[in-house]
Structure formats: structure tokens, C-alpha cells
Amino acid sequence: MTSSSALPDRAGRHCHNVLNPFHSAHYFAPELGAEMAGLGVNGRAGYFVSRSAPMGVVGPGTVAATFYSFKYELIAEHLPQAWRSTTPQAVLEARLRAADATLHRLLGAEALESPEMAEAAKLALRATEGCTRHARPLYAAHADLPVPDAPHLAYWHATTLLREHRGDGHLVALLDAELDPLEALVTHTASGRGMNYRGILATRGWSQEELTAAQERLRERGLLGDADELTEAGATLRKDLERTTDRLDRAPYEHLGAAGVARLTELAGAFAARLMEAGAFPASLFDKE
């Protein structure tokens with residue numbers, strides 16, 4: 001294994017930022033909704049069951065704990081009821097079909113069957129060899145799944161593992177910073193990197209009153225200004241959060257090594273750019289209000 005000093009500063013974070021879109025595009029795609037509807041799971045329930053399926057039939061408490069930013073009551077509107085209509089195995093098979101169809105629509109067969117895709121899959125899977133299961137429930141559950149045969153689906157699987165590995169570590173950092181789910185969302189939005197407040201209210205189950213209360217708590221801590229911007233202390237907290245997350249997520253990128261990370265970042269960046277150009281993500285959730 002290479003040492004962390006062999007990696008440029010924030011190399012793992014930069015690599016993650018271009019890997020993540022390849023996994024997450026299917027959450028915004030009509031193909032996933034159609035597949036879930038075919039199993040009798042509709043609306044927001046489709047996201048909850050598709051992401052939590054590797055953990056088995058779990059209830060709203062487990063999902064709230066591992067997803068972090070969603071209001072428990074919103075999850076409880078859908079779980080465990082959705083599991084009366086289907087099974088985790090059926091959901092996993094449907095999710096893989098949805099990812100396959102989404103990627104074919106957005107990138108086309110030529111890109112998915114290219115040597116670059118096969119190379120990206122090989123590098124990303126090698127990086128996952130450095131991941132660890134302890135205290136990482138979403139990653140550990142996904143790591144028990146088989147690697148698909150097709151290179152683009154193997155790459156999608158690897159990006160899923162790397163996303164959940166970093167995400168599990170990020171939750172540890174949020175707890176250490178004493179940010180509750182809504183405070184975490186507000187500070188991320190105020191940093192200019194998260195979804196807008198309209199998107200938070202539309203997707204995470206929180207009310208405007210709860211959002212306003214979270215903003216006030218952050219002002220009392222000196223983290224948020226009167227115009228809902230991060231204060232100097234708030235900006236420092238967000239930077240520290242990312243540094244902690246980087247540290248907890250360094251193992252897969254150290255395992256891959258500096259040259260491998262650089263090449264994977266290059267390949268993943270090209271695929272991510274094409275996904276963005278194809279309209280994989282709704283701009284309404286992220287544009288400035």
C-alpha cells in the first residue's frame with residue numbers, strides 16, 4: 001500500500017467528486033421509478049428501498065440513521081409498508097436494470113463498451129480493495145453484493161461502494177461537529193455546494209418552520225450570518241468536516257496509489273461531464289434561489 005504522502009492534497013476527494021455522479025444519476029432517472037413501480041413501490045419509497053435494499057428488510061429507524069439528512073417521519077410514511085410489496089432481492093435486481101438503462105440512455109452503448117470504461121472499472125474496483133467495513137453500515141451491506149459482469153455495471157458497482165464508504169465516514173464527522181441532519185444540510189447549502197433550500201424542503205421532509213429553527217440554532221453557535229451565509233467560524237467548520245471525511249476515506253485511494261487515482265479521476269471526470277451534459281441531474285435542486 002502506498003503512503004498518504006504519495007497522494008496530492010485532496011486527491012481522494014477530487015476523485016470521489018467525479019466518481020459519485022456515475023452512481024447517483026440513476027436516482028434522478030425515470031428508469032428507476034418505472035422499475036420500482038413495477039414492484040409496487042411508488043414515489044419516494046423507491047429511493048428508500050433501492051438504497052437500503054442491501055441491508056435487507058429494514059425499518060425507518062435504520063434508514064434514518066444511515067441516510068442521516070431525511071426526516072424520520074417522512075421515511076416512516078413509506079417504510080416498512082413498501083416491503084409488503086416486494087423483497088430486497090427483487091429491488092436489487094430492478095435497481096441494476098434501472099442503472100443499466102439509465103447509463104445506456106445518457107451515455108450510449110459506445111461509451112459503455114469502450115476500453116476507457118473497462119479501465120475505469122478495473123481501477124475503481126482496485127480502490128475498493130482498500131475500503132473497510134467496520135462502522136460503515138451502508139458500505140458494508142453493499143460490499144456483500146456481487147460485482148456485475150458488464151464493465152459499465154462493474155464500474156457503477158464500484159462507484160457505489162466508494163460513495164457509500166465516504167458517506168459513512170462523513171456521518172461520523174457530522175456527529176463530531178455536533179450538526180444534526182437539518183443543520184448539516186443548511187451549512188452545506190450555505191457553503192454553496194449543497195442543494196438549495198427549495199430542494200431540501202421538497203426532498204428531505206423538513207418544514208419551513210424546522211428549517212428556520214435550524215438556521216437560528218446555527219446563528220446562536222456563530223456559524224451562520226443574518227443573510228444565511230457561513231460566518232468565518234462556519235466556513236472553518238465545513239472545511240474541517242471535509243478534512244475529517246478525507247482522512248476517514250483515505251484508505252481506498254492510498255491503496256490505488258497516486259498514479260491510479262490520477263488516471264481514475266481523469267476517466268471518471270470525462271464520464272461525469274458527459275452525464276452532466278446529458279441532463280442527468282435536475283438543475284432546479286441546485287441552482288441559486
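Guide: A polar contact is a pair of N or O atoms within 3.5 Å, where one must be able to donate a hydrogen and the other to accept it. The model discussed here is predicted.

Visitor: With which side chain does the side chain of Glu31 make a polar contact?
Guide: Glu31 lies in helix H2. Beyond its neighbours within four places in sequence, Glu31 is in contact with Ala98, Ala101, Thr102 and Arg105. At 3.3 Å, the side-chain partner in the polar contact is Thr102.

Visitor: Is Glu31 buried or exposed?
Guide: Buried means under 20% relative accessible area. Glu31 has a relative accessible area of 16%, so it counts as buried.

Visitor: Within what arc do the buried residues of H2 fall, seen down its axis?
Guide: Helix H2 covers residues 30-38, and Glu31, Leu32 and Met36 in it are buried. They line one face of the helix, because they fall within an arc of 130°.

Visitor: Which residues are exposed on the other side of H2, and which helices do its buried residues pack against?
Guide: Pro30, Ala34 and Gly38 are exposed on that other side. The buried residues pack against helix H3 (45-52) and helix H6 (88-107).

Visitor: At what angle do H6 and H10 pack?
Guide: Arg95, Leu96, Ala99, Asp100, Leu103 and His104 of H6 make the contact with His152, Leu153 and Trp156 of H10. The crossing is right-handed. The axes of H6 and H10 are 11 Å apart, at an angle of about 115°.

Visitor: Which helices are included in what covers the buried residues of H11?
Guide: Helix H11 (residues 181-190) is mostly covered, with seven of its ten residues buried. These are Leu182, Glu183, Ala184, Leu185, Val186, Thr187 and Thr189. The cover includes H10, helix H12 (197-203), helix H13 (208-220) and H14.

Visitor: Which residue has a side-chain oxygen that reaches the backbone nitrogen of Leu182?
Guide: Look at the start of H11. The oxygen comes to within 3.1 Å of that nitrogen, and it belongs to Asp180.

Visitor: Which peptide bond is cis, with omega near 10°?
Guide: Most peptide bonds are trans. The loop between helix H5 (72-76) and H6 holds Pro80. The cis bond runs from Leu79 to Pro80.

Visitor: What is the phi of Arg10?
Guide: Most residues other than glycine have a negative phi. Arg10 sits in the segment before helix H1 (11-24). It is partly exposed, at a relative accessible area of 40%. Although Arg10 is not a glycine, its phi is positive, about 65°.

Visitor: Is Ala135 buried or exposed?
Guide: Ala135 is found in the loop between helix H8 (115-128) and helix H9 (137-143). Its phi is positive, about 60°, although it is not a glycine. Exposed means over 50%. At 68% relative accessibility, Ala135 counts as exposed.

How values were computed. Residues numbered from 1 in each chain as written. Predicted model: local features only at pLDDT ≥ 70, side-chain atom pairs only at ≥ 80, totals over all residues. Heavy atoms only, no water. Buried < 20%, exposed > 50% of the residue type's maximum accessible area, 1.4 Å probe, protein only. Helix = DSSP H or I, 4+ residues; strand = E, 2+ residues; numbered from the N terminus. Arc of directions from axis to C-beta. Contact = heavy atoms within 4.5 Å. Axes fitted to C-alpha atoms, helices over the stretch in contact; angles between N-to-C directions. Left-handed = near helix turned anticlockwise from the far one by under 90°.
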